[in-house]
Amino acid sequence: MIVVENLYKSFDGVNVLNDISTTFEKGKTNLIIGQSGSGKTILLKSILGLFNIDKGNIYFGNQSIQNISNKKRSVLRQEMGMVFQGSALFDSMTVEENIMFPMRMLTKKSFEEMQSRSNEVIKRVNLINANKKLPSEISGGMQKRVAIARAIVMNPKYLFCDEPNSGLDPNTSTIIDNLIQEITQEFQITTVINTHDMNSVMEIGEKIIFLQNGKKEWEGNNKEVFKTENEAVGGFIYSSNLFKKVREVYLRDNA
Amino acid sequence: MIIIHHIGAYFLMLQKVFRRFVKWSVLKELIIKDIDALIIGSIGIVAFISFFVGGVVAIQTALNLTNPFLPQYLIGFATRQSVILEFAPTFISIIMAGKVGSFITSSLGTMRVTEQIEALKVMGINTYNYLIFPKIVAMFFYPFVIVVSMFLGIIGGYFASIYGGFCNSADFIQGIQLDFIPFHIGYAFLKTIIFSFILATVPSYHGYFLKGGALEVGKASTTSFVWTSVLIIIANYLITQLLLT
């Protein structure tokens, strides 16, 4: 579980995150949604410790990351996995080397042990015949699978995904969303996903927080999002006619 | 004031490069890769330029020896002095600022743009040490490139003098042996080592702290070349003032 308490972050005097408090639950896919520039990525990277926050607290379990030693912070980082928007795979390494990379850097496992673990996660994310290929030789969807495999290879307690299905076709997006949700439930990971994909919101949004102008505007789940009276959330999610129809049908069927 | 910010950030970066080392087995592999990319990969262009510029130095010296009382062996002497003292260590370093510097800036800049540096940070890796330290170590082999440059510069001068009909072989060889001061080689290598550190770290700074996208990678490569060259020229002046006067 990750608890965020009264988090503030500014850049050059401009407040980007204002008093954000929320809890990301274990074994659930927690979504951060909002328009571009609403502060989603800054919130995610602040939680990850890639940005120093101005005020507030972030707890991983019972441990506040503001008050821990560098050594403990390094250990904590090894419990985190991250899937970046553009996958962030290392271009000069093969798929297998990319996946083995965290183990090579952070553990004393033998090559055979690393290869065996790598094969396990490759199988788990359904990557077929890609071990020896370079990231540039595989499709965007496969790159995302590699990024997920690399993120989970160290058995993380916390998984962060920054717009995991951006640039993917709808079918692949759904596959990636389902894969993340399955892995989250299977390994009881606390997963935080930053997205503005409405399919993801409705399919895997077990916990959703909506950000607007750096503030938390709404919190709920993919059932409550249909019923919310919040205008900002409604305006964002139901901005397209398709989703307006989806909402109408859902409300009619569940009346 | 922005320049003070950059100087501060550069030295803070250097401090972080030498902290929290990543595994030696990983570093070793990266150092070998960087030696291949930065040193071995530069020998061809350095050899080509050195040979021909050495030849040009010899020809220009010969054409300026208009007084018949001046001995022909001065062509060899002037070629040796120019190549060893200035051309090989400084001129080649400026060329390397373009070749190696741009390579370092663009490769680190691309890693920044594609979030690969963030990915390393999330894993808890000291990215400064992982990305920059191997380049600094690899560049300590840079004097080897300068030896090649010195040798081929003088050889180029020799061939240009002989086949251009400016002097004979014995005169040229006498010239390159005349008043040889071994300290000049030491001075040239000391310069080279300092330049190699500048060549590894200044482009790394520009690549590592890049902000923006693909266009900024190109801009950063140009800025990195300009600043690396400026620092090499300033360091060259200071070292020469300190050691040769």
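**View 1. Chain A meets chain B in this predicted model.** The contact draws 15 residues from chain A and 13 residues from chain B. On the side of chain A that touches chain B, helix 2 (70-77), strand 6 and helix 3 (95-106) of chain A each supply at least two residues. Helix 3 of chain A gives the largest share, four residues. Sorted by class, this side of chain A has ten nonpolar, three polar and two charged residues.

**View 2. Six strands of chain A form an open sheet.** The strand order is 6-7-8-3-9-10, and the pairing is mixed. Strand 6 (80-83) and strand 10 (215-220) of chain A are the edge strands. Each of these two pairs on one side only. From one strand to the next, the twist averages 20 degrees.

**View 3. Strand 6 of chain A pairs with strand 7 of chain A.** Strand 7 covers residues 158-162. The two strands run in the parallel sense, over four bridges. A:Val83 has A:Cys161, in strand 7 of chain A, as its bridge partner. Helix 5 (residues 140-152) of chain A lies across both strands. Its direction is at about 170 degrees to strand 6 of chain A.

**View 4. Two helices of chain B pack together.** They are helix 2 (residues 24-64) and helix 3 (residues 73-113) of chain B. The packing angle is about 145 degrees, and the axes are 8 Å apart. Helix 2 of chain B and helix 3 of chain B make a right-handed crossing. Their contact has 20 nonpolar, six polar and one charged residues.

Note on methods: Residues numbered from 1 in each chain as written. Chains lettered and ligands numbered in written order. Predicted model: local features only at pLDDT ≥ 70, side-chain atom pairs only at ≥ 80, totals over all residues. Pairing = 2+ DSSP bridges. Axes fitted to C-alpha atoms, helices over the stretch in contact; angles between N-to-C directions. Contact = placed C-beta atoms within 7 Å. Left-handed = near helix turned anticlockwise from the far one by under 90°. Nonpolar A, V, L, I, M, F, W, Y, C, P; charged D, E, K, R; others polar.
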